[in-house]
Amino acid sequence: MKIRKAVFPVAGLGTRVLPATKAMPKEMLTIVDKPLIQYVVDEAKEAGIEHFIFVTGRNKGMIEDHFDRQFELDMTLKGRNKTVEMELLARDQPEAGAMSFTRQQAPHGLGHAVWCARDIVGNEPFAVVLPDELVLNTPGCLKQMIQAAEKLGDKANVIAVEEVPADRTHQYGICGVGKRDGKAFEIDGMIEKPKPGTAPSNLSISGRYILQPEIFKILETQERGAGGEIQLTDAMIGLSKTQKFYGVEFEGERHDCGSKAGFLRANIAFAMRRDDLREGLIADMQRYLGK
């Protein structure tokens with residue numbers, strides 16, 4: 001099962017981190033020195049993704065500009081012999097035609113955002129990557145999923161899952177656990193935000209998916225679910241009646257950068273992995289904490 005394309009739903013308003021996102025897309029908020037969207041694109045590249053599909057909305061043009069050439073900047077850096085910076089920008093520059101952008105005109109939910117990419121994805125399996133969820137690990141979360149998917153059937157659907165506290169399962173999409181196959185296990189049920197005490201497990205559905213194209217037909221007529229939105233989880237429940245779904249408990253630290261606390265934790269965690277920043281950051285934190 002070759003996964004060539006990934007869909008990045010980036011039309012959200014980022015209301016959890018206002019006022020920072022009043023005029024700037026939340027996907028362009030920086031973790032250390034890179035925007036969120038660059039981290040997830042890099043994760044997809046590592047996993048072998050060849051075509052990057054962004055489902056955008058109003059005021060999201062900055063994302064498209066980020067992945068374009070900035071000729072004035074290039075010429076300025078060249079004139080000042082800033083070779084390190086030039087190499088850095090060249091490394092992140094996508095190949096011509098590798099990125100596509102389409103609009104989600106109204107905030108109808110994640111399921112609707114994925115459906116908006118149907119014509120660009122076509123009739124092949126694809127990945128869905130939520131940009132405000134970062135996983136700190138090598139190999140990345142998506143690569144782990146694709147490696148697991150290679151051992152499954154051609155029509156397998158794969159979801160990244162992680163443990164959450166039992167008293168918080170009502171805040172997530174939760175899956176049931178069936179037969180295990182290496183790092184993956186068969187999902188024998190899914191429920192979006194179950195009532196407290198009714199969850200089939202404490203494994204939550206995270207922001208990484210590998211889906212078969214048949215999901216688009218279901219999303220086309222999917223009724224609104226939790227929050228009055230078209231939920232991707234509801235469509236996956238429908239698809240699970242005819243195709244198998246597998247969960248993969250990925251290795252790594254997941255950071256919810258769509259919340260203020262998660263965003264701050266991610267900055268610290270990613271900075272601590274940097275040899276050029278770790279020592280100074282520890283010293284600053286010790287001074288701040290009075291130790």
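Predicted model: local features only at pLDDT ≥ 70, side-chain atom pairs only at ≥ 80, totals over all residues.
Local features need pLDDT of at least 70 and side-chain atom pairs count only at pLDDT 80 or more, while totals for chains, interfaces and linings use all residues. Residues are numbered from 1 along each chain as its sequence is written, and side-chain values use heavy atoms, with hydrogens and water left out. Helices (H or I, at least four residues) and strands (E, at least two) are DSSP runs, numbered from the N terminus.

**Salt bridges**

- The structure holds 20 salt bridges, each defined as a side-chain nitrogen of Lys or Arg within 4 Å of a carboxyl oxygen of Asp or Glu.
- One of them joins the side chains of K5 and E124, at 3.5 Å from N to O. K5 belongs to strand β1 (residues 5-9) and E124 to the loop between α6 (118-121) and β6 (126-129), so the pair ties together parts that are 119 residues apart in sequence.
- K5 and E124 are both buried; buried means under 20% relative accessible area, exposed over 50%, and partly exposed in between (1.4 Å probe, protein chains only).
- E133 pairs with R254 in another salt bridge, with 3.0 Å between the closest N and O atoms. This pair links distant parts of the chain, since E133 is in strand β7 (residues 133-136) and R254 in strand β13 (residues 253-256), 121 residues apart.
- E133 counts as buried because its relative accessibility is 12%, whereas R254, at 22%, is partly exposed.
- R278 and D275 also form a salt bridge, their closest N and O atoms being 2.9 Å apart. R278 is partly exposed, with a relative accessible area of 29%, and D275 is exposed, with 66%.
- Salt bridges that share partners connect K2, R4, K5, E50 and E124 in one network.

**Packing of α3 and α4**

- Helix α3 (residues 71-79) packs with helix α4 (residues 83-92) at an angle of about 150°, and their axes are 8 Å apart. Axes are lines fitted to C-alpha atoms, for helices over the stretch in contact, and angles run from 0 to 180 degrees between N-to-C directions.
- The loop between α3 and α4 contains N81, whose phi is near 55°, a positive value in a residue other than glycine. N81 counts as exposed, at 62% relative accessibility.

**Nonpolar surface patch**

- I268, M285, Y288 and L289 make a nonpolar surface patch of about 450 Å². Patches are made of residues with over 30% relative accessible area and no salt bridge; like charges are joined within 9 Å and nonpolar side chains (Val, Leu, Ile, Met, Phe, Trp, Tyr) within 5 Å.
- Accessible areas come from the Shrake-Rupley method with a 1.4 Å probe, and for residues only the protein chains shown count as cover.
- Helix α11 (residues 278-289) gives the most to the patch, with 3 residues.
- I268 lies in helix α10 (residues 260-272) and is partly exposed because its relative accessibility is 41%.

**Backbone geometry**

- Most residues other than glycine have a negative phi, and most peptide bonds are trans.
- The peptide bond from L18 to P19 is cis, with omega near 5°; P19 is in the loop between β1 and β2 (30-31).
- The bond from T138 to P139 is also cis, with omega near 0°, and P139 is in the loop between β7 and α7 (141-149).
- N59 has a positive phi near 65° and sits in the loop between β4 (51-56) and α2 (61-66).
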